[in-house]
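Me: Could you walk me through the strand and helix packing in this model? Please start with the sheets.

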Amino acid sequence: MFEYIIEHVLEQKARGFTPDFIFLTGDLANNGLQAEYEVFWLEFVDPLHTAIGGDISQRTFAVPGNHDVNRKEHPAFSPDEINAPNSRYFDPTDEGMHLRKMLAPRFKAYIENDITETAGAFSDANGAFAQTISVRGIQVGVAGINTAWISKDDKDERRLSPGKSLLEAALNQIKGAHLNIVLGHHPVSWLYPDQQKSIHSLLGKHNVLYLHGHLHEAWAEPNYGGGYPYLAIQAGAGFQARENEKWRNGLVWGEADLKTGEVKLQAWSWTPSQQAWTPASEAFHASKLREGWWHYELPHAKLMTVDYTRATREITPPRGWGIFDAEKLSSYHVDLEKEVALRFFDGAVPDWNTALSSSIPRRKIVGDLTGNYHDADTASRPIATVLLAAGCEGKTTALLQAAYEIIKGKANWRILQRRDDSQEFLEKEIIPVLNPAFNWLIVLDEVDRVAPALLKLIAKLPPELCGRVHCILGCRDSDWRSSGAEALDWSRDTIFHTERLNGLGQSDAESIVSAWQSFGEEGLGDLAKLPSDQRVNALRYQATAEAKTEAGAFFGALLTVRNGTDLHNHARHLLERLSHRETPGGSTLYDALAFIAAMHSEGFNFLSRAVLAEALNCPLDKLRRDVLIPLGQEAAATSTSSFLFTRHRRIAEALVYVLEEEFLDDVGSRYVSLARAALSAYHSGAYILELGCWRFDFASNFFEKGKKELALEIANTILSQEPGNSLTRTNLVSLYRRAGAPEESVRICLATVGVIDNNRAFYTEWGVAEGECKNHVANILLVAYSLSDECAFSSVDRETCVKALSAIGVPLGALYDAYGDPSFRDARMAIAILGKCAMHSAESQEYFNRHFVEVRAQGAENINIEKAFEKFAAGVVAAASRGHDAYLEEHIPSIHKMNFLGLEKLISNLSIK
């Protein structure tokens with residue numbers, strides 16, 4: 001990478017870009033060791049200086065990072081104590097320098113090997129450096145700070161400090177320069193929270209360019225501190241990664257033009273596939289790109305003022321997001337047309353115009369949510385509330401209604417809502433949208449997958465937005481727990497509330513029935529058959545009954561009391577309407593709903609967008625607009641942040657019934673198509689959620705339900721998509737064997753020459769299949785091979801051991817019965833002894849005990865573990881001597897070439913335990 005960087009600089013120099021400065025923002029080494037700095041300065045910086053020429057060595061500046069710390073030096077200090085308000089560690093005085101002598105040895109190798117003009121600055125009383133350099137008549141002030149003074153371990157975030165006093169003193173030394181540049185290693189958001197505002201204010205007051213690294217990717221972010229602007233510019237790691245690792249090596253070119261008042265930036269990344277430096281187009285915001293450079297305003301001394309009259313149309317949200325104000329949303333508070341209202345009552349996915357209409361009642365939970373934001377206008381920290389509920393419980397409607405109530409009548413508030421929850425949540429795209437002229441309410445439904453990214457965004461909010469950005473969130477309660485979002489430290493950076501939506505109170509039930517009744521019998525559905533004074537109780541009774549099921553109680557109750565007697569007719573009309581609406585790729589919405597209903601009816605909760613798009617031959621970027629939104633509007637389907645469902649499982653079951661019985665649709669073939677689509681999409685580069693479920697659980701589930709032919713067809717389809725995958729092949733072999741077709745299992749195994757490698761489970765399955773075909777010798781040899789060191793590089797684990805030993809006892813008994821050779825009896829005793837050492841369930845304990853009792857009755861002696869291994873090996877050798885089919889020699893080595901040291905070590909460890 002040293003050579004590649006230098007070649008790149010020479011190419012840029014040939015184009016006319018000769019650097020005035022080189023800025024090195026930390027992590028010059030990896031572990032702060034002497035040898036690392038010798039390599040860095042001698043093999044990189046010195047040749048770089050030669051390549052650029054002139055007096056560039058005098059205008060090279062460096063600061064340390066956390067990898068420049070030798071953590072073995074003085075590891076037992078307290079960052080909190082050093083950073084305490086009454087601490088003098090970071091005073092720019094002789095006393096401060098004396099106190100920092102505890103910290104300085106941790107940077108000893110960095111300080112001693114620094115060859116820049118500011119060498120030694122971090123060990124003197126200033127604890128930083130500051131110089132003013134004249135470049136073509138422009139006075140450039142350069143200050144360097146050490147943000148890694150108290151870097152202690154891998155939990156440094158928000159526990160660091162450069163020393164506010166040290167920074168202030170350095171900035172005062174360069175005061176009056178035309179351009180002020182500060183070098184640090186960490187972003188300001190990594191410093192102690194109680195210092196961030198004051199440091200933001202210092203950087204803003206001096207209108208600096210703050211150059212830093214640490215986060216391994218390039219980025220630029222305009223900031224304000226104390227009402228004044230500064231620009232933070234982040235560079236990636238220049239030579240941290242080997243090719244094809246996660247991180248990409250990068251660097252940033254920058255040019256400050258005081259005449260135009262601009263900073264122009266160009267980020268470059270090393271692209272291994274091209275063996276070249278390529279522009280990192282994703283580094284900076286696309287709106288700033290002009291003619292190959294990203295243009296940012298140069299920070300200036302004009303005080304930042306807020307213009308509350310700025311129109312929201314000037315703000316462009318990221319793809320999949322929308323911005324709304326109270327005036328716009330208030331226009332939706334009108335009566336719905338009957339057709340729209342009825343679709344919503346039947347389960348159509350709500351949007352703003354339905355949720356806020358006067359036709360849709362506000363449930364009690366809306367008031368509870370809104371109450372959490374009474375002090376939002378004066379809050380010092382973000383307020384965040386998550387609304388948890390089961391699927392189809394009315395969560396989204398309540399979320400939208402509460403969001404509007406929070407900003408109603410407030411001209412200086414804006415809502416930023418994620419409209420498409422399949423889009424990535426990128427804080428570097430969202431923060432620039434959060435115009436400090438407004439207070440913001442971020443609305444996120446299905447928040448489980450993006451919860452960590454949301455907290456990261458909150459932690460990175462600039463000071464002028466602190467207390468002015470709030471969040472209202474929604475999530476299925478099961479997803480909230482399973483995703484880990486519940487375990488995150490929400491209270492660290494937010495005033496956090498949790499609200500739950502469950503059950504149906506009297507007042508809510510009354511308002512819902514009243515809303516239905518305003519649309520006559522069509523609105524009431526089956527409830528119209530009841531006396532008016534019984535309708536509310538009927539709805540509440542059904543909600544209570546539905547709460548005992550796994551599906552959402554609220555929508556289940558609505559569905560039952562309005563359409564319960566005619567659900568099949570409802571499903572038929574829905575499918576008929578959708579059959580005429582084509583989707584990109586030549587399918588129809590009928591096909592899309594059939595796929596979704598087929599999965600939901602069987603309880604398969606892993607149909608993702610990528611799989612459905614592949615099954616429909618629909619481009620993934622068109623799936624939401626042309627498939628999911630229309631299905632939602634038709635009250636047919638919904639989605640979480642990850643998976644797709646019908647609006648209720650009862651609807652899914654009705655749809656499948658109608659598909660099979662009335663439309664003569666082969667629903668089984670749809671499962672096969674989905675399996676093919678999942679693996680096809682995966683091998684085309686798509687990320688497939690729950691891939692293991694598609695590979696294994698999908699077929700196995702049908703097999704357990706007695707649909708063996710469908711299970712085998714699915715498993716064959718999956719294997720056809722990845723014929724070299726030994727795990728999917730093993731699963732197919734197992735299913736055929738369990739279906740009573742061991743001959744087919746053996747046939748599949750024999751067709752694997754050169755395909756199967758290092759899969760112990762495959763050879764165990766093959767052996768068992770041979771045993772069920774009465775090929776007992778082949779059974780023993782194959783299972784023995786699965787336990788041998790030669791079968792795989794990885795050691796035998798407990799589960800593999802138990803399964804294999806369980807598969808070899810019966811054929812040994814069969815050979816003993818056939819030949820009377822005590823070697824087989826004694827080997828079976830050995831299996832019982834070894835299996836009892838390795839067993840990890842009551843079932844396996846019972847199995848091995850039974851073998852133990854049977855062979856003792858045949859005259860076998862109880863033996864120790866060491867003897868058991870001898871008897872086991874002798875029994876396998878005796879089996880091989882009885883002769884076996886020649887085809888085995890093409891697949892496994894001779895028994896005399898098998899070793900079982902890994903098995904012996906496992907049993908020994910388990911015996912000690």
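Reply: An open sheet is formed by 6 strands in the order S3-S4-S5-S6-S8-S7, and its pairing is mixed. Strand S3 (129-135) and S7 are the edges; each has a single partner strand, so one side of each lacks a neighbour in the sheet. From one strand to the next the twist averages 20 degrees. This is a predicted model, in which local features need pLDDT of at least 70, side-chain atom pairs count only at pLDDT 80 or more, and totals for chains, interfaces and linings use all residues. Residues are numbered from 1 along each chain as its sequence is written, and side-chain values use heavy atoms, with hydrogens and water left out.

Me: How are strands and pairs defined here?

Reply: Strands (E, at least two residues) and helices (H or I, at least four) are DSSP runs, numbered from the N terminus. Two strands pair if DSSP finds at least two bridges between them.

Me: How many bridges pair S7 with S8?

Reply: S7 and strand S8 (residues 228-234) pair over 7 bridges in the antiparallel sense. Pro-222 has Leu-231 in S8 as its bridge partner. The hairpin of S7 and S8 has 2 residues between the strands, and Gly-226 takes a positive phi near 65 degrees there.

Me: Is strand S7 mostly covered or mostly uncovered?

Reply: Strand S7 (residues 219-225) is mostly covered, with 5 of its 7 residues buried. Buried means under 20% relative accessible area, exposed means over 50%, and partly exposed lies in between (1.4 Å probe, protein chains only).

Me: What joins S5 to S6?

Reply: Strand S5 (residues 179-183) and strand S6 (residues 209-212) run parallel and are joined by 3 bridges. Val-182 is the bridge partner of Tyr-210 in S6.

Me: Where does His-212 lie?

Reply: His-212 lies in strand S6. This residue is buried, with a relative accessible area of 5%. Not counting residues up to four places away in sequence, His-212 touches several residues, including Thr-25, His-185, His-186 and Gln-234.

Me: Now the other sheet. What is the order of its strands?

Reply: The order in this open sheet of 6 strands is S14-S16-S17-S18-S15-S19, with mixed pairing. Strand S14 (321-324) and strand S19 (495-501) are the edge strands, and each pairs on one side only. The twist averages 15 degrees from one strand to the next. Strand S17 (residues 439-444) pairs with strand S18 (residues 469-476) in the parallel sense over 5 bridges. Ile-442 stands opposite Cys-471 in S18.

Me: Turning to helix pairs: at what angle do H26 and H27 pack?

Reply: Helix H26 (residues 691-704) and helix H27 (residues 708-721) pack at about 165 degrees, with their axes 7 Å apart. H26 and H27 are therefore roughly antiparallel to each other. By the cut-offs used, angles under 35 degrees count as roughly parallel, over 145 as roughly antiparallel, 65 to 115 as roughly perpendicular and the rest as oblique.

Me: Which residues make that contact?

Reply: Among them are Trp-694, Phe-698 and Phe-702 of H26, and Leu-710, Ile-714 and Ile-718 of H27.

Me: What about H21 and H22? How far apart are their axes?

Reply: Helix H21 (residues 589-601) and helix H22 (residues 609-616) have axes 10 Å apart and pack at an angle of about 135 degrees. H21 and H22 are therefore oblique to each other. The contact includes Phe-595 and Ile-596 of H21 and Leu-612 of H22.

Me: Last topic: what is phi for Leu-664?

Reply: Phi of Leu-664 is near 55 degrees, a positive value in a residue other than glycine. Leu-664 is in the loop between helix H24 (649-661) and helix H25 (667-683), and counts as exposed at 71% relative accessibility. Glu-690 also is not a glycine and has a positive phi of about 55 degrees. Glu-690 is in the loop between H25 and H26, and counts as partly exposed at 42% relative accessibility.

Key. Axes fitted to C-alpha atoms, helices over the stretch in contact; angles between N-to-C directions. Contact = heavy atoms within 4.5 Å.
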